[in-house]
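Thank you all for coming; I would like to walk you through one structure this morning, beginning with the ligand and ending with a single side chain. Please have the sequence and the model in view as I talk.

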Amino acid sequence: MANQAVHNVASISHHERLSTNLGELTTEQLDEYARTGLILLDNVFSLDEIERIRTSADSAMTERTERTVFETGSETVRSVYGVHQHSRIFSDLARHPRLVAPTRSILKRDVYVYQSKINTKAVFGGDVWPWHQDYVFWMKEDSMPTSRAITVSVFLDDVTEVNGPISFIPGSHRHGILETDTYEGLPSGYEKSPDWIANVVAKLKYTIAKRAFLQLAKDNGIVTPKGRAGSVLLFDSNVAHASSLNLSPYERRMALFTYNAVDNAPAASGLHRPEFLVSRDVRPVEPVANDVFVR
Ligand code: 6CS
Ligand code: FE
């Protein structure tokens, strides 16, 4: 029996060692994610790899297409959506093993890219994201069946306490959909925009009701994961999160990819939002080579 036990321990640690090499999460990391609804991985990409991604992010942010969302009443870019559908670098990043492997190890399913965006949180003008849960938008707007989706943020700049980090209530994902306030209609300043604009600007259509927020924040606290450019943050589709203004002179660009379990794809017939907000391509992601960004 003892040998068997030793063998088992050896094989588990061997597997863990292998799995961390492949970018999959370790047992401890999976436990942390299950408990809190988020996990920050430091220094996943080198600064040289990030530099290449930044160049593409900046050119995406200079484009003016229907995928570009501006801050209220200004020419400041808030987000650019569908970047994985329109740029080779972001198509490769969306399929990078260092993003896909951790995601698959959590969902334990094949995944596809549901949505991608660059959130710029511009210097001296990047506006707030009020407290919300992402799954509420995907359930109400796209009829996503369950919350088995994960958003992975790649830090393109250092994220600090002063340039608008994302705040989370750890463990809030375990309460399902929280009491929600719904704001119908087009937010002021966006009177000529399509309906979906209320899903992506500072005056969000669905926000967490103050009573539910206060209770959870008091019980669970608030965390604001910070890290160097190249760090990667994974968070659950139901974890409560928000971000404040960027009052600093430092940019806070993030590339965010939402991965959905292939067997959780909403029915294509029910989709009314544009392709750059909810992808119709539900084929499992085929990872690219690990050194795709290494010159
Ligand atoms: O509606 C959406 O798809 C987007 N809106 C928010 C507030 N978060 C999820 C997603 O990026
Ligand atoms: Fe969100």
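Let me start with tryptophan 138, which places a polar side-chain atom 3.0 Å from an oxygen atom of ligand 1. Arginine 273 likewise has a polar side-chain atom 2.9 Å from an oxygen atom of ligand 1, while asparagine 199 brings a backbone N or O atom to 2.8 Å from a nitrogen atom of ligand 1. Of the 310 Å² of accessible area that ligand 1 has on its own, the protein covers 98%, areas being computed by the Shrake-Rupley method with a 1.4 Å probe.

A word on conventions: this is a predicted model, in which local features need pLDDT of at least 70 and side-chain atom pairs count only at pLDDT 80 or more, whereas totals for chains, interfaces and linings use all residues. Residues are numbered from 1 along each chain as its sequence is written, chains are lettered from A and ligands numbered from 1 in the order in which they are written, and side-chain values use heavy atoms, with hydrogens and water left out.

Which element gives the most to the shell around ligand 1? That is α7, with three residues, where helices (H or I, at least four residues) and strands (E, at least two) are DSSP runs numbered from the N terminus.

Turning to histidine 84, in helix α4 (residues 83-86), its side chain makes a polar contact of 2.6 Å with that of serine 116, meaning a pair of N or O atoms within 3.5 Å, one able to donate a hydrogen and the other to accept it.
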